[in-house]
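I opened this entry to record what I looked up around the ligand and among the salt bridges.

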Amino acid sequence: MSVTPSESGRPVGLRFEGFGWRPAGSRRAALSEVDLSVDAGQRVLVTGPSGAGKSTLLRAAAGLLGTDIEGDMSGRVLVDGAAPGTHPIGLLLQNPTDAIVAESVGRDVAFGPENLGVPREEIWRRVSEALELVGFPYDHHTPTRTLSGGETQRMALAGALALRPGLLLLDEPTAMLDPDSAGVVRRAVAAVVAATGATLVVAEHRLEPWLDRVDRVLVLDADGRLICDDTPVGAVTRNWLALERAGLWLPGLPPPRPVPVSADLARPSQLVSGDVMCAEALQLRLRTRSLRGAREQLALAGVDATLTSGRIHAFIGRSGAGKSTLVAALAGLIAPTSGAVRAHPGMAAGLGEHPHRWRSRDLAARLGWVPQNAEHSFVSRRLVDEVRATSDRLGREVDVPAVLETVGLGRLATADPYRLSGGEQRRLALVAALVHRPLVALLDEPTVGQDRHTWAAVVGWMTALTTAGCAVGVATHDEDLLNSVVAESTVLVAGRGGDRR
Ligand SMILES: Nc1ncnc2c1ncn2[C@@H]1O[C@H](COP(=O)(O)OP(=O)(O)OP(=O)(O)O)[C@@H](O)[C@H]1O
Ligand SMILES: [Mg+2]
């Protein structure tokens with residue numbers, strides 16, 4: 001790697017003085033009385049349960065609070081002794097699709113350096129280098145809107161690295177990635193930080209993968225207070241009990257038991273037993289247009305899979321292998337190029353066997369789909385309305401407060417779904433897709449971004465679905481999920497990666 005400190009932004013320190021933040025319209029503070037000083041060049045892991053304020057802390061350091069996001073701030077935050085915004089900061093948001101600015105991958109990664117006035121040739125050298133570092137598999141001209149969740153995450157990280165910032169703020173940079181790709185990304189971050197001396201603040205739920213790569217571990221509790229500020233070894237020895245109680249994924253702890261969720265909340269309003277749906281030699285080619293003309297990509301090649309009532313079937317495979325495409329095709333949202341998705345006649349009930357030909361209301365009545373980007377499914381401005389939206393449309397009853405409690409969202413009942421934390425949004429999307437009691441549940445990475453308590457709630461819902469006789473298909477790279485409740489799995493290997501020119 002050819003990054004040298006002389007080409008980079010100077011490492012800068014970070015300071016929070018009595019810092020607090022209460023989002024506009026919220027009774028609760030997201031962060032309270034945070035006092036904290038990070039030296040230039042230090043590498044810091046920020047962790048804590050879902051909703052603890054990790055992303056809020058990163059946004060504060062990036063200078064987004066009070067400008068892009070409204071609320072009441074107390075105390076102050078300083079980057080290199082000044083208000084944030086004076087120094088180039090490499091920020092990777094928790095939801096990287098929010099940060100896409102260009103049509104092609106190359107232009108997206110080049111955007112930051114272009115704004116800094118970096119010379120053109122140097123920009124493209126940095127773009128190539130950053131994409132290579134994060135293990136990005138395609139060329140510069142690839143249209144950004146065709147990327148998988150994990151590919152988008154790596155592109156966004158490349159964009160942050162190409163800035164050569166003195167401060168890197170990374171919000172769950174490997175959340176969407178399979179274990180191998182996550183390892184590539186962690187090594188890339190460590191290499192860049194080692195070469196440039198940049199200050200690193202990374203928010204993550206899992207401690208273990210980062211313990212060897214950071215100098216310091218900060219832990220926020222559910223009330224947004226700093227409850228631990230220690231070395232990596234100190235954090236997992238001196239603070240073990242407090243961190244376990246907070247629901248953190250500590251090294252060596254077995255996955256938690258699913259929280260019991262009443263099967264009555266999930267019982268399908270129409271029951272079919274046995275094989276409910278199948279994909280037969282399913283192939284999907286996606287056509288995309290860009291400035292360089294149309295191109296066709298193979299998103300999925302010849303996949304067979306069967307969903308059976310009362311069982312969880314997992315779709316696994318590397319980032320970009322086609323997991324989300326398969327889940328969306330089973331949900332009737334994409335028509336196959338060849339092969340077929342077929343529904344059991346008892347499920348179709350006279351509609352014909354191909355779900356992609358059904359009307360959206362008929363699809364919704366039978367299938368629940370949770371997309372990888374949870375907030376893409378939101379249609380309401382309050383959690384209570386979001387949970388009942390589909391049920392109201394279908395005329396089905398739902399006990400909204402009870403449902404919100406099952407996933408720890410009871411206190412946020414009147415909050416705006418778009419303002420929730422990443423893990424909260426995903427839990428909301430899960431229950432909102434299931435409370436009208438469909439026969440088939442299709443879940444795209446449902447456990448991403450959860451602490452141990454909220455993971456147990458999500459897996460509790462999955463268990464309730466199987467008890468109630470629902471057929472479940474799940475795209476995942478969560479080993480704990482695979483080892484605990486999944487009955488069988490299909491490994492996707494082909495994907496479009498093999499078909500790229
Ligand atoms: N603009 C906002 N309006 C209302 N509530 C907000 C807003 N921003 C954050 N919150 C709330 O503040 C709390 C902290 O959110 P934050 O996104 O910082 O959590 P997090 O630790 O990053 O969680 P996760 O692990 O789920 O990503 C959450 O309960 C969230 O719902
Ligand atoms: Mg977050």
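I worked on a predicted model, in which local features need pLDDT of at least 70, side-chain atom pairs count only at pLDDT 80 or more, and totals for chains, interfaces and linings use all residues. Residues are numbered from 1 along each chain as its sequence is written, chains are lettered from A and ligands numbered from 1 in the order written, and side-chain values use heavy atoms, without hydrogens and water.

**Ligand 1**

I found 21 residues around ligand 1, with Ser50, Lys54, Thr56, Ser421 and Glu424 the closest; a residue is near if one of its heavy atoms lies within 4 Å. I then looked up polar contacts (pairs of N or O atoms within 3.5 Å). Oxygen atoms of ligand 1 lie 2.7 Å from a side-chain N or O atom of Ser50, 3.1 Å from a backbone N or O atom of Ala52 and 2.9 Å from a polar side-chain atom of His205.

**Salt bridges**

I noted 24 salt bridges in the structure, each a side-chain nitrogen of Lys or Arg within 4 Å of a carboxyl oxygen of Asp or Glu. Glu129 and Arg164 form one of them, at 2.7 Å from N to O. Glu129 is buried at 13% relative accessible area, and Arg164 is buried at 5%; buried means under 20% (1.4 Å probe, protein chains only). Both residues belong to a salt-bridge network that also includes Glu122, Arg125 and Arg126. I also recorded Arg22 with Asp72, whose closest N and O atoms are 2.3 Å apart.

Conventions. Polar contact = N/O pair within 3.5 Å; in protein donor to acceptor, adjacent residues only side chain to side chain. Buried < 20%, exposed > 50% of the residue type's maximum accessible area, 1.4 Å probe, protein only.
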